[in-house]
Structures are given as structure tokens and as C-alpha cells.
Amino acid sequence: MQPASVYGSFGPNLARHVGPEGHVDIVDVARVQFDSCTRKLAPFPHAQAHHANCLEFDRGPYDVVVCYFLLHEVPDEVKNQVVNHLLGQVPAGGKVVFIDYAKPRWWHPLKLITSIVFDTLEPFAKGLWRRPIRDFADRPERFEWRRETIFGSLFQKVVATRR
């Protein structure tokens, strides 16, 4: 499951990676994203786009949920709801992979520019600067958490594996 469609080829690449023996559900609340995703997934009968709010989409369990650049788009209280909902979609051994922004290191050459862009265009992104994704979970102890950052900590990958 992917709880938000994104620009580019991420969805088709995910469907290609999963292959016809698996199934992919991509959910988006925006009609334009749903329409675009539907077109992109046309060659993959095992992948389906859904026009819905991911918080109301409950078709799990899924082996893997990939939350790709969604959390920075929503307020912190909704981040909490999204994280908890997605964690609830995987069984024991299942994984939720979060890819999103993180607080860059103090020395990062783009930190000031990123801060200004977030303050003006992405007002919810700095919630990920203030709190780790794990802290948005109500019951984080039910999961094993692994976090990696890249590009001077501007981006993060957090993998939560259900115990």
C-alpha cells in the first residue's frame, strides 16, 4: 500500500517491483493525483489507484506500506493519525516505510533555504524537524524502529517492523 500518490514514476516502479504475483493499492485524496495514478498504473493489472482519504482506507493487512513524502503535507495531529493508521495495516513481521524530510544538520548549505521554503510553502514540514516519526505513534513499542538519513540529514527513511 502507498497512502499517497506522488509525481513521477514511483507508483509504476513499485508495481513493477512487486510484480504480478503481488498486489499494490495506491490511495490519494486529490482527484487529480488519483486520475494521474490510474493512468500510470494501467499496464499493471495487479496495481490499483483508489480515490480516498488514507485514514478511511482499511483493506489490510499489507506486508509493506510505503509512506512516501506524505507526512510533511499534514499538521502534526494528522501525522499522528496517519502514522497510527498505517502501523495498524501491517501484521507481525510487516513493515511501514516512511520516506520524508528531516531536520538537516546545522552545517547543511541548504538548511536556511529549506527553512524559508518550509515556512512559506510547506508549513507542516517542520513538524518532522521537531519530532522523530516514531514519536507520532501511540504504541511505538509494538514495532522495531530503524532510521537512516541522507544528504546531510535533509531526508530520512524510517522503517517500522511490527514485532
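1. A residue is called buried under 20% relative accessible area, exposed over 50% and partly exposed in between, with a 1.4 Å probe and protein chains only. By this criterion Cys54 is buried, its relative accessible area being 7%. Cys37 is likewise buried, at 3%.

2. This is a predicted model, in which local features need pLDDT of at least 70 and side-chain atom pairs count only at pLDDT 80 or more, whereas totals for chains, interfaces and linings use all residues. Residues are numbered from 1 along each chain as its sequence is written, and side-chain values use heavy atoms, with hydrogens and water left out.

3. The structure contains 0 disulfides, a disulfide being a pair of cysteine sulfur atoms within 2.5 Å. For Cys37 the closest cysteine sulfur belongs to Cys54 and lies 14 Å away, which is too far for a bond. Cys54 is also in no disulfide; its nearest cysteine sulfur is that of Cys67, at 7.1 Å.

4. An open sheet of mixed pairing is built from 4 strands in the order S3-S4-S6-S5. Helices (H or I, at least four residues) and strands (E, at least two) are DSSP runs numbered from the N terminus, and two strands pair if DSSP finds at least two bridges between them. Strands S3 (64-68) and S5 (143-150) stand at the edges with a single partner strand each, so one side of each has no neighbour in the sheet. The twist from one strand to the next averages 15°; axes are lines fitted to C-alpha atoms, for helices over the stretch in contact, and angles run from 0 to 180 degrees between N-to-C directions.

5. Strands S5 and S6 (residues 155-162) run antiparallel and are joined by 8 bridges. Glu148 has Lys157 in S6 as its bridge partner. Helix H3 (residues 76-87) packs on the sheet and touches S3, S4 (95-101), S5 and S6, its direction making about 150° with that of S4; contact means heavy atoms within 4.5 Å.

6. There are 6 salt bridges, each defined as a side-chain nitrogen of Lys or Arg within 4 Å of a carboxyl oxygen of Asp or Glu. One of them joins Asp76 and Lys79 at 3.4 Å, N to O; both residues lie in helix H3, 3 residues apart, about one turn of the helix. Asp76 is partly exposed at 21%, while Lys79 is buried at 0%.

7. Arg146 forms a salt bridge with Glu148, with the closest N and O atoms 3.1 Å apart. Arg146, Glu148 and Lys157 are linked in a salt-bridge network.
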